[in-house]
Amino acid sequence: MEIKAPRGVRDILPEESWKWAYILNVLRDTSSDFGYSEVHLPIFEHTELFARGVGDTTDIVEKEMYTFTDRGGRSITLRPEATASIVRLCIEHNLSGSGAPVKVWTAGPMFRYERPQKGRFRQFWQIDAEFLGVASPMADADIITLSIECFRRLGLRNLEVVINSVGCPACRPAYRDKLVKYFKSNVSGLCELCLSRIERNPLRLLDCKNENCSRITDNAPASTENLCGECSEHFAATIKLLQESEIVYKYDKKLVRGLDYYTKTAYEILSGELGSQNAVCGGGRYDNLSETIGGPRLHGVGFAAGIERIALVMEQQQCSFGEEPKPRVYVISHDSSDETVQKKVYNLTMKLRKNYIAAEMDLTGRSFKSQLKSAGSSGVRFACIIGPEEVRVNNVSVKDLTSGEQISVNEDNIIEYFKIFFEQKGCK
């Protein structure tokens with residue numbers, strides 16, 4: 001029986017992988033410009049990190065984690081998100097020990113057992129940026145601005161920033177009680193999932209996409225009307241910073257995040273190109289996460305964005321992914337049966353590559369005509385042709401496949417010739 005990839009995962013083929021590389025390079029450069037340093041995280045962690053950090057009543061912990069027992073009897077989970085891991089990393093390595101803020105980012109695969117759909121998979125790639133150690137609303141604005149700038153540099157358009165405040169442990173319990181009371185008085189119109197959440201996690205009802213539930217939540221109490229003084233001031237200051245930066249936003253009282261660690265600011269960046277699953281980025285503040293997983297008090301704010309969704313929106317909006325990587329030179333054998341010629345072809349190809357000139361050659365013994373045709377279809381600018389005569393005089397016949405011009409260049413000068421052409425003339 002033919003073995004295929006499991007449901008919910010997919011292979012990223014060459015025609016797509018270079019686009020991912022472009023996206024990651026833009027995100028890497030943007031994060032660096034904002035002062036964020038890159039870190040790399042383990043693929044799996046102790047299950048307790050996510051059970052305590054993400055929240056044991058969240059969909060992720062209850063239904064979506066890939067958890068197993070290793071040979072040492074430990075419960076291990078493939079990471080479903082990166083924030084808890086980054087906070088764990090910060091605590092474990094005492095990155096905030098000096099009192100200075102910690103600004104880090106990472107990218108890599110995450111794992112959640114959920115129903116595969118457009119732009120959503122069971123193994124998916126995320127970029128994740130976190131600003132740790134600062135309580136000021138300026139950190140919130142910094143993270144929101146970073147995410148917007150990432151998308152601006154990628155060329156995305158028609159994006160909408162939506163924002164809310166979900167309060168803190170001081171004011172959320174009273175708000176939670178109001179939500180429970182409100183939804184209990186409207187149980188007849190709620191879906192089964194929402195009914196199961198009323199007592200356990202009533203904030204999640206605000207995020208339900210069921211049409212009947214959505215109509216009911218339209219009249220639910222707003223978190224911003226139940227904030228304590230500190231949360232209210234923080235939200236107002238964050239909004240003011242966005243306004244001063246001329247960032248267009250929309251307040252959405254129903255915006256909540258699916259993870260328990262969020263406090264105060266919660267935001268998303270939406271695209272009208274994706275239908276109901278329209279979030280390309282989500283994030284917010286989490287001032288209690290560090291203590292929840294056994295660390296010291298450590299303020300934090302961050303965001304995560306899915307690479308698959310970013311690529312999907314870019315394709316739909318016909319954004320540029322830069323130039324697809326390809327060889328610049330194709331080394332062709334005029335006589336594939338001549339071992340001396342073939343050796344020369346091989347050595348020249350390696351010489352070009354070692355001097356940072358992308359080069360390709362034929363290893364299948366095809367005819368000169370077939371090789372020349374492949375060179376043309378591959379999009380290279382030059383063909384280096386080698387035959388018995390070129391070997392005898394130590395020359396290379398260089399054919400410009402754009403102009404059709406062909407000249408002879410001594411092999412000792414071939415590297416300098418191409419470097420001058422590509423670097424000084426700026427040709428691609």
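Colleague: What makes the crossing of α5 and α9 right-handed?

Modeller: In this predicted model, α5 passes α9 in a right-handed crossing. The term applies because the near helix is turned clockwise from the far one by less than a right angle.

Colleague: Why are α5 and α9 called oblique to each other?

Modeller: The axes of helix α5 (residues 137–154) and helix α9 (residues 229–244) cross at roughly 45 degrees and come within 9 Å. Angles under 35 degrees would count as roughly parallel and those from 65 to 115 as roughly perpendicular; α5 and α9 are therefore oblique.

Colleague: How do you know which residues of α5 meet α9?

Modeller: The criterion is heavy atoms within 4.5 Å. On the α5 side, Pro137, Met138, Asp140, Ala141 and Ile144 are in contact, and they meet His234, Ala237, Thr238, Leu241 and Leu242 in α9. Sorted by class, the contact of α5 with α9 has seven nonpolar, two polar and one charged residues.

Colleague: Why are α1 and α5 called oblique?

Modeller: Their axes come within 9 Å and cross at roughly 135 degrees. Roughly antiparallel requires an angle over 145 degrees, and roughly perpendicular ends at 115; α1 and α5 are therefore oblique to each other. The crossing of α1 and α5 is right-handed. In the contact, α1 supplies Tyr22, Ile23, Val26, Leu27, Asp29, Thr30, Ser31 and Asp33, while α5 supplies Leu146, Glu149, Cys150, Arg153 and Leu154. The classes in this contact of α1 with α5 are seven nonpolar, two polar and four charged residues.

Colleague: What makes α1 roughly perpendicular to α11?

Modeller: Helix α1 (residues 14–33) and helix α11 (residues 307–316) pack at about 105 degrees, and their axes are 10 Å apart. This angle falls in the range of 65 to 115 degrees, which means that α1 is roughly perpendicular to α11. Lys19, Trp20, Tyr22, Ile23, Leu24 and Leu27 of α1 make the contact with Ile307, Glu308, Ile310, Ala311, Met314 and Glu315 of α11. By class, the contact of α1 with α11 has nine nonpolar, no polar and three charged residues.

Colleague: Why are β13 and β16 called edge strands?

Modeller: Five strands form an open sheet with mixed pairing, in the order β13-β12-β14-β15-β16. Both β13 (359–361) and β16 (406–410) pair on one side only. Direction ignored, neighbouring strands of this sheet are turned by 30 degrees against each other on average.

Colleague: How do you know that β12 and β14 pair?

Modeller: Pairing requires at least two bridges, and strand β12 (residues 329–333) and strand β14 (residues 382–386) have five, in the parallel sense. Val329 stands opposite Phe382 in β14. Helix α12 (residues 339–354) packs on this sheet, touching β12, β13, β14 and β15 (395–400), and its direction makes about 160 degrees with that of β13. Helix α13 (residues 368–378) packs on the sheet as well, touching β12, β14 and β15, with its direction at about 175 degrees to that of β12.

Technical notes
Residues numbered from 1 in each chain as written. Predicted model: local features only at pLDDT ≥ 70, side-chain atom pairs only at ≥ 80, totals over all residues. Heavy atoms only, no water. Axes fitted to C-alpha atoms, helices over the stretch in contact; angles between N-to-C directions. Helix = DSSP H or I, 4+ residues; strand = E, 2+ residues; numbered from the N terminus. Nonpolar A, V, L, I, M, F, W, Y, C, P; charged D, E, K, R; others polar.
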